[in-house]
Amino acid sequence: MVTNVDVRRELANLADPRRAEASSRFLQMVPGGYGEGDRALGVSVPDQRRVAARFWRDLSLAEATKLLTCDVHEERLTSLLILVRKFSRGDEPERGQIFRTVLANTDRINNWDLVDSSAPYIVGPWLIDKDRSVLDRLADSGLVWDRRIAVLATFAFIKAGDFEWTFRLGDRLLHDPHDLVRKAVGWMLREVGNRDRAAEEEFLVRRYRVMPRVMLRYAIEKFEPQRRREYLSGAL
């Protein structure tokens with residue numbers, strides 16, 4: 001029987017202390033950083049994806065969940081990569097169980113790469129045809145990762161041509177104090193614009209003067225230079 005220990009052993013064999021030091025800085029696993037208290041092994045994301053591809057079929061959901069509660073960053077990310085694979089290939093009951101597992105462990109999905117590797121591929125897809133009120137609850141959470149999960153989940157809706165919840169959460173989180181949420185909102189607005197520029201601009205023109213600068217910059221990143229200048233200067 002394959003267990004989480006087998007996955008952890010495989011990751012440990014791929015560890016690189018120099019990469020671990022760089023990852024700790026990049027993901028702010030330093031005193032005062034948003035990832036403070038986390039620990040990195042120094043395993044590249046491509047290597048983690050290969051480990052996930054090797055183990056996802058044989059690792060039970062219970063063992064994948066144990067992996068998600070581990071103290072090492074790469075162990076949690078690999079767990080989420082495994083859960084994404086299981087979700088994409090699972091039947092409705094299994095997909096629902098994986099969705100609930102993710103929501104029950106958002107305190108362990110505690111960095112932007114963990115959120116971004118799971119919320120658009122599990123939380124959003126599960127809610128496509130279901131009650132989405134859980135996103136309001138996540139958006140109201142005091143945990144920054146919950147709020148980012150809520151925003152990133154709307155990526156699945158955007159891909160389906162449904163922008164309502166991106167705009168709804170954009171308004172709710174317009175003045176969020178954390179840069180990682182502001183960036184997420186701007187990113188999702190940009191993704192709306194990639195599909196329907198008029199819809200994005202209709203949202204922006206009424207709000208851009210009060211939006212945090214980083215949110216606006218992310219939202220208009222793909223605009224023409226002159227149009228970006230108009231937004232950034234408040235000339236509209």
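This is a predicted model: local features need pLDDT of at least 70, side-chain atom pairs count only at pLDDT 80 or more; totals for chains, interfaces and linings use all residues.
1. Ala 22 sits in helix 2, residues 17-26; helices here are DSSP runs of H or I with at least four residues, strands are E runs of at least two, and numbering goes from the N terminus. With 35% relative accessibility, Ala 22 counts as partly exposed, a class that falls between buried (under 20% relative accessible area) and exposed (over 50%), using a 1.4 Å probe and protein chains only.

2. Residues are numbered from 1 along each chain as its sequence is written, and side-chain values use heavy atoms, with hydrogens and water left out.

3. Now the other end of that pair. Ala 40 belongs to the loop between helix 2 and helix 3, and it is buried, because its relative accessible area is 15%. Setting aside residues up to four places away in sequence, Ala 40 touches Ala 20, Ser 23, Ser 24, Met 29 and Glu 74, where contact means heavy atoms within 4.5 Å. Ala 40 also has Ala 15 at 8.8 Å, C-alpha to C-alpha, although they are 25 residues apart in sequence.

4. That loop between helix 2 and helix 3 also holds Gln 28. What is the phi of Gln 28? It is positive, about 55 degrees, and the residue is not a glycine. For background, most residues other than glycine have a negative phi. Gln 28 counts as partly exposed, at 31% relative accessibility.

5. On to helix packing. Helix 3 (45-55) and helix 5 (residues 73-89) pack with their axes 9 Å apart, at an angle of about 50 degrees. Axes are lines fitted to C-alpha atoms, for helices over the stretch in contact, and the angles run from 0 to 180 degrees between N-to-C directions. The two helices are therefore oblique to each other: under 35 degrees would count as roughly parallel, over 145 as roughly antiparallel, 65 to 115 as roughly perpendicular, and the rest as oblique. The crossing of helix 3 and helix 5 is right-handed, meaning that the near helix is turned clockwise from the far one by less than a right angle, with anticlockwise giving left-handed.

6. Who makes that contact? Helix 3 brings Val 45, Gln 48, Arg 49, Val 51, Ala 52, Ala 53 and Phe 55, and helix 5 brings Glu 74, Leu 77, Thr 78, Leu 81, Ile 82 and Arg 85. By class, the residues split into 8 nonpolar, 2 polar and 3 charged; Ala, Val, Leu, Ile, Met, Phe, Trp, Tyr, Cys and Pro count as nonpolar, Asp, Glu, Lys and Arg as charged, and the others, Gly among them, as polar.

7. Is Thr 78 buried or exposed? Buried, since its relative accessibility is 0%. Beyond residues up to four places away in sequence, Thr 78 touches Val 7, Leu 11, Gln 48, Val 51, Ala 52 and Leu 67.

8. Helix 5 also meets helix 6 (residues 92-104), their axes coming within 8 Å and crossing at roughly 150 degrees. That makes helix 5 roughly antiparallel to helix 6, and the crossing is left-handed. Leu 83, Lys 86, Phe 87 and Ser 88 of helix 5 face Glu 94, Arg 95 and Ile 98 of helix 6 in this contact, which counts 3 nonpolar, 1 polar and 3 charged residues.

9. Thr 69 is in the loop between helix 4 (61-68) and helix 5, and at 41% relative accessibility it counts as partly exposed. Apart from neighbours within four places in sequence, Thr 69 is in contact with Asn 105 and Arg 108. Thr 69 and Asn 105 are 36 residues apart in sequence, yet 7.8 Å apart in space, C-alpha to C-alpha.

10. Helix 13 (residues 197-205) has Ala 199, Glu 200, Glu 201, Phe 203 and Leu 204 as its buried residues. These pack against helix 11 (164-172), helix 12 (179-195), helix 14 (213-219) and helix 15 (225-233).

11. Finally, the whole chain: 15 helices and 0 strands, with 55% of the 236 residues buried.
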